[in-house]
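Please look over the model shown here. A short report on its chains, helices and loops follows.

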Amino acid sequence: MKRRYRHLSAGAVSVALGAALWHVVRVRPTPSVSVASLVADALPASGVSHNVTAVLLNFRSYDTLLEVAVLLAAAVVALALRDEPSARSPAHVMYVALDAFVWRLAPLLVLVAAYLLWAGSTRPGGAFQAGSVLAGAAVLLRLSGLKVTAVDHRLASRGAMTFGLVMFLCVAIGTLLAGQALLEYPAKWAGALILLIEAALTISIGVVLYSLFDNAPQARVSDRESERQRER
Amino acid sequence: MSAQSLLPWMLMVPLSWATLMVLLAQQRDAITRVVNVVGALVLVGLSVALYAGVAQEGLAVHALGGWSAPLGIALRADGLAATLVVLTAVVSSACGLYAMTSERAARTNGKSAPRYFWPLFWLLITALNGIWLAGDLFNLYVGLELLGLSAVGLVALGGSEASLSSALRYLMAALLGSLAYLLGVALMYAAYGTLALPELAELITREPMTQLAIALMTVGLCLKTALFPLHGWLPPAHGVALTPVSAMLSALVVKGSFYILFRLWFEVAPDVVTPLAAQGLGILGAGAVLWGGWQALRESSLKMLVAHSTVAQLGYLFIFFPLAVGTGATAAALATQGMLLHVVAHALAKSAMFLASGTLIASVGRGGVADLAGVGRHMPMSLFAFGLAGVSLMGLPPSGGFNAKWLLLQSALASGQWFWLLVLLGGGLLTAGYVFRVFRESFLESPDDAGQFTKTPRAYDLFALTLAAMSVALGLASRAPLRFMTNGLAVMAGVQ
């Protein structure tokens, strides 16, 4: 009964919010400032020719820096709560077709990630997309039973997780030490610095996203046994 | 360095230290300890320099990336932001030193300290400074996310099943709050095309989309500030966390979302918000004061008692709204002063109280209020710190808490809203009730108290006492910090 009330009230709130949103979007004012045109004007000076990348890594690069810190926070929490190795078991499904497929797909995915990273400066793409593709490749490999190195407490794992942030921070602090504003790239170097940061971020984002999968709590043995019994 | 060039360092320092601490996570104790102490010193030094710089030069603005808003983002520091940066540095340094002492004590007893405390600790400071100094609505959202996630992580570090479940509950509340806020940000962007706070303040008009945006952000931020009746997640999270974490959560983290709410209502959209909505927030605040106080009075665990007290004390912050919206310039100014003083005094007093409670619990070995019997004779200094913090929370003179409540009271009289007086008085009585309850139990003599108290490090009391003393001292010297904090705020414009 209580649950039903909860569902009903949640539904009522959602409907009311939806109706209010519908109403305000219909009568919405026209914005007096157009950031899109400001971006278009400043694009030639940004070092890249794609507006999203220019916003993410130049005009509002500080937001991106903090977002990378958010990702690191998530990865660190997952690492802190990681099961002890003894409690872990290899989680994978056994299909011959999957094995053969993944084995051929993985190198392609790395290539796709590299392309996405490179494409970011001229068209949709960039570090987040490339990193997600890398992480996806690692998850596929792991699920098909191939040994993917664990992202655990070793220095190498933690180094790979923080690599992007370290590089980003080096550039940020470098600009400060050079007497510029934070993350104000010198005009000549803007494109190269952005690519450098994105390349480092791609690796870290890939590792962090995969680590969230790798460090997710394993199903308990009792859960798995009851599942097996149900299958029988 | 000028205040303007100091601004980005307030973020770069804690963020660098967070990264360093991930890399040093498995290192020997001595190395992390040295690095952390150096970090705390640098942070306090830079914060004080920023305070001095803003005091001398006035508002400091740093255009990030060299792009001025609305294309880029700016960091801004007025007197209020600079004060909160210093407060963050002081409180978190004390909590950090406490955590270091307790790690060392755990190691010598052969127990292990939680791994990965320090990266999250520094990320929390990064997020707080990011929020105090932000000049952009979306940037504030990123700050809120970083704050929420690192706070949830710190709660989860407790490792027990209870800490995991309260952390998860905290996470859900924090996410829901963030999403409501983000939806509001999206609406604001749709309506005005910019997210920079000063630009928005000039453009904003009272129309449906803006009103819905402000309402959504207000609800989200109230959930994150644990305003009654959205406070359910707070006591378990603050009560179960490690002691220095509880102290930082209650002292600083909940103030982050409140600070955004204040900026939103009084700097960005003063013409959009209505006295009716402000009265609503005030009533919920009154509910928090009374309900939180009542729960603290009945609570059997010491840390949960202090956590419920946080719910109650946060209520006072919301009584500020009906005193400052739609009232005269004098009442609004008095209310603002009282509220800001309460933010600082509560941060100092509550962190002191949590640290003192943690020490008492470490000594007794159990966390119940009733287990404290006999502790008065063995732990006089911890109990003294607890009491000193209690003086400020109760609002007894001379203390920061007293001055804050006195100013709120004056404002209630000046605006003719005498009924808030009853809430202020009732809240004070309830606070006195739960503080004295702890004292009564502590001074009881227990028959066999010879060997049952564990010796705790002396340094514990030093940190708690310092913070408690500062909250009391704030009552003796509130004029200068108050003038600095309120300098340049729009809500003070009528009286300056």
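A residue is buried if 20 or more other C-beta atoms lie within 10 Å of its own, exposed if 12 or fewer, and partly exposed in between, with C-beta atoms placed from the backbone. Helices (H or I, at least four residues) and strands (E, at least two) are DSSP runs, numbered from the N terminus. This is a predicted model, in which local features need pLDDT of at least 70 and side-chain atom pairs count only at pLDDT 80 or more, while totals for chains, interfaces and linings use all residues. Residues are numbered from 1 along each chain as its sequence is written, and chains are lettered from A and ligands numbered from 1 in the order in which they are written.

**Chain A**

Chain A has nine helices and zero strands. Of its 232 residues, 35% count as buried. Two residues are in contact if their C-beta atoms, placed from the backbone, lie within 7 Å. Take the contacts in chain A between residues at least 6 apart in sequence: 75% of them join residues at least 24 apart.

Helix H1 of chain A covers residues 2-26. The number of buried residues among its 25 is one, so H1(A) lies largely in the open. The expected span of a helix is 1.5 Å times one less than its number of residues. For H1(A) that gives 36 Å, and the end C-alpha atoms are 36 Å apart, which agrees.

**Where the chains meet**

In all, 49 residues of chain A are in contact with 50 residues of chain B. On the chain A side, H1, H2 (35-42), H3 (51-59), H4 (61-80) and H7 (155-177) each supply at least two residues. H4(A) gives the most, with 14 residues. By class, this side has 34 nonpolar, nine polar and six charged residues. Ala, Val, Leu, Ile, Met, Phe, Trp, Tyr, Cys and Pro count as nonpolar, Asp, Glu, Lys and Arg as charged, and the others, Gly among them, as polar.

**Helices of chain B**

H7(B) (residues 161-192) and H9(B) (residues 208-224) pack at an angle of about 160 degrees, with their axes 8 Å apart. Axes are lines fitted to C-alpha atoms, for helices over the stretch in contact, and angles run from 0 to 180 degrees between N-to-C directions. The two helices, H7(B) and H9(B), are therefore roughly antiparallel (angles over 145 degrees). Their contact has 19 nonpolar, five polar and one charged residues.

H17(B) (residues 400-414) has 15 residues and reaches 21 Å from its first C-alpha to its last, close to the 21 Å expected. Its buried residues include Phe402(B), Leu407(B) and Leu408(B). Among the elements that cover the buried residues of H17(B) are H13 (302-324) and H14 (329-364) of chain B. Gly416(B) follows H17(B) and has a positive phi, near 70 degrees.

**Loops of chain B**

Met379(B) lies in the loop between H15 (375-378) and H16 of chain B. Met379(B) is buried, with 25 other C-beta atoms within 10 Å. Leaving aside neighbours within four places in sequence, Met379(B) is in contact with Thr359(B), Leu360(B) and Ser363(B).

Tyr116(B) sits in the loop between H4 (79-108) and H5 (117-133) of chain B. Ala226(B) is in the loop between H9 and H10 of chain B.

| Site | Backbone angle |
|---|---|
| Tyr116(B) | positive phi of about 65 degrees |
| Ala226(B) | positive phi near 60 degrees |
| Phe228(B) and Pro229(B) | cis peptide bond, omega about 0 degrees |
| Pro397(B) and Pro398(B) | cis peptide bond, omega about -10 degrees |

Definitions and conventions
Angles under 35 degrees count as roughly parallel, over 145 as roughly antiparallel, 65 to 115 as roughly perpendicular and the rest as oblique.
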